[in-house]
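Here's a quick tour for anyone meeting this structure for the first time. Take a look at the model, then read on.

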Amino acid sequence: MAAAGSAEGASDSPALWAEVWALLPRAEEGLTLALSGEVEDCVLPLLRRARALLYGAAGRPGAATAAALERLSDVLRDYSWEKLNAGPWREVGKGWRQVYAYGCLFGALAAVAAGRPLARAVRLCDLGLLMGASVLDNVLARLVRALQPHLPRAAPRDGARAQVAPAPPSRPGRPVPAAEGERPFQSVRPEPPPPSAVQPEEGIPRLRCPSLEHFRDNYLVPQRPVVLEGVMDHWPCMKKWSVDYFCQVAGCRTVPVELGARYTDEEWSQQLMTVSDFISQYIMEEKNVGYLAQHQLFDQIPELKEDISIPDYCCLGEGEEDDITINAWFGPGGTISPLHQDPQQNFLAQVFGRKYIRLYSPQDSENLYPHESQILHNTSQVDVEDPDLVKFPNFTKAAFQSCILMPGQILFIPVKYWHYVRSLELSFSVSFWWS
């Protein structure tokens with residue numbers, strides 16, 4: 001643990017440098033700088049210069065070497081960042097993402113070598129994990145795990161603890177988030193409307209701990225939604241997780257936050273910020289709309305993954321456990337996922353807070369008016385709770401099921417089922433996408 005009085009952790013410990021150095025190849029040639037794709041000719045010499053600086057010192061790099069390594073890291077990150085933002089994310093070459101990851105790695109190592117605050121090194125690791133591609137057997141994830149125990153844990157926040165009630169969704173391709181510190185858009189948080197009444201004939205059936213065979217035969221094979229109860233009662237997150245806990249465990253970690261009530265709004269954007277800043281600005285502040293949505297937080301912070309379990313029913317799928325995508329959804333009341341569909345089966349597990357959810361069958365797709373653009377083709381144009389029936393007259397023909405998902409419940413959303421989700425209060429959900 002960092003020494004008392006250091007707000008961002010100390011990095012001047014010889015033992016810490018030895019721990020960090022042990023994560024790297026022992027010889028310079030072992031750090032191969034292999035790239036999975038072409039990059040401009042000027043980049044590889046920069047990478048080799050950074051590697052030579054790192055391995056040229058006998059032991060821990062001195063101040064001058066660390067400063068030179070930091071400058072090279074800045075050049076590599078700035079140059080590759082332009083490439084990451086040059087077009088649609090899916091068209092960004094993996095080689096450029098690896099260059100960005102190497103830039104983050106060299107910058108984090110320079111910060112540790114120079115005795116800089118560890119929060120900077122951790123932030124660079126997170127940026128590399130979020131925007132880069134894996135290098136050196138995912139060295140950035142291993143480095144941040146080595147650094148984080150040396151950071152002080154955040155003090156509890158007054159009033160920040162979420163009360164966990166007793167136990168009884170994919171977006172289109174996202175743009176690259178704005179850099180940390182920029183605030184491109186700020187939205188006033190609307191007062192969440194009252195929960196929509198769930199009529200008995202519209203209610204999604206509930207089932208307590210069904211057998212694998214019963215779930216397969218009655219819900220998975222016929223593709224019928226169901227709310228599962230009792231399945232996640234034993235998960236540690238049901239007792240441990242709160243706003244205060246996230247501040248302590250993940251407060252220094254950088255994550256992408258959506259700004260705006262819903263991703264179809266013109267003003268919607270994303271910003272990179274620490275979990276602590278997200279909680280201060282968008283959880284504790286009543287006026288701002290921010291959502292940590294569809295983020296693979298548990299790959300980034302394995303300590304949190306130990307608090308959840310993959311539902312046993314996922315074994316009925318065709319893929320391996322490593323193929324299951326686990327996403328976090330954390331935000332205040334009033335956040336909305338517009339009516340959309342996903343290409344995989346989905347278990348949505350509610351840890352705390354409540355969510356109003358409405359489901360429509362894929363057979364009603366024509367009546368739901370999907371966007372015509374490729375990037376939003378899986379999203380409806382209709383505002384589900386305030387539809388424009390002049391513009392979308394056939395929307396009334398679409399039958400739906402709905403529920404208010406409570407803490408401790410898991411909703412099975414069959415593949416390509418349309419779903420609309422609105423948080424009724426401060427909420428944390430975990431989704432499991434599986435084939």
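This is a predicted model: local features need pLDDT of at least 70, side-chain atom pairs count only at pLDDT 80 or more; totals for chains, interfaces and linings use all residues.

## The whole protein

Residues are numbered from 1 along each chain as its sequence is written, and side-chain values use heavy atoms, leaving out hydrogens and water.

As for secondary structure, the protein has twelve helices and 13 strands. These are DSSP runs numbered from the N terminus: helices are H or I with at least four residues, strands are E with at least two. Of the 435 residues, 53% are buried (buried is under 20% relative accessible area, exposed is over 50%, partly exposed is in between, with a 1.4 Å probe and protein chains only).

Glu 70 sits in helix H3, which covers residues 63-84. Why does Glu 70 count as buried? Because its relative accessible area is 18%.

Leaving aside residues up to four places away in sequence, Glu 70 touches Ala 110, Arg 116 and Arg 120 (contact means heavy atoms within 4.5 Å). With Arg 116 there's also a side-chain to side-chain polar contact, at 2.6 Å. A polar contact is a pair of N or O atoms within 3.5 Å; within protein, one must be able to donate a hydrogen and the other to accept it, and residues adjacent in sequence count only if both atoms are side-chain atoms.

## Over to Asp 277

Asp 277 belongs to helix H10, residues 275-283. Asp 277 is partly exposed, because its relative accessible area is 32%. Between Asp 277 and Thr 254 there are 23 residues in sequence and 9.3 Å in space, C-alpha to C-alpha.
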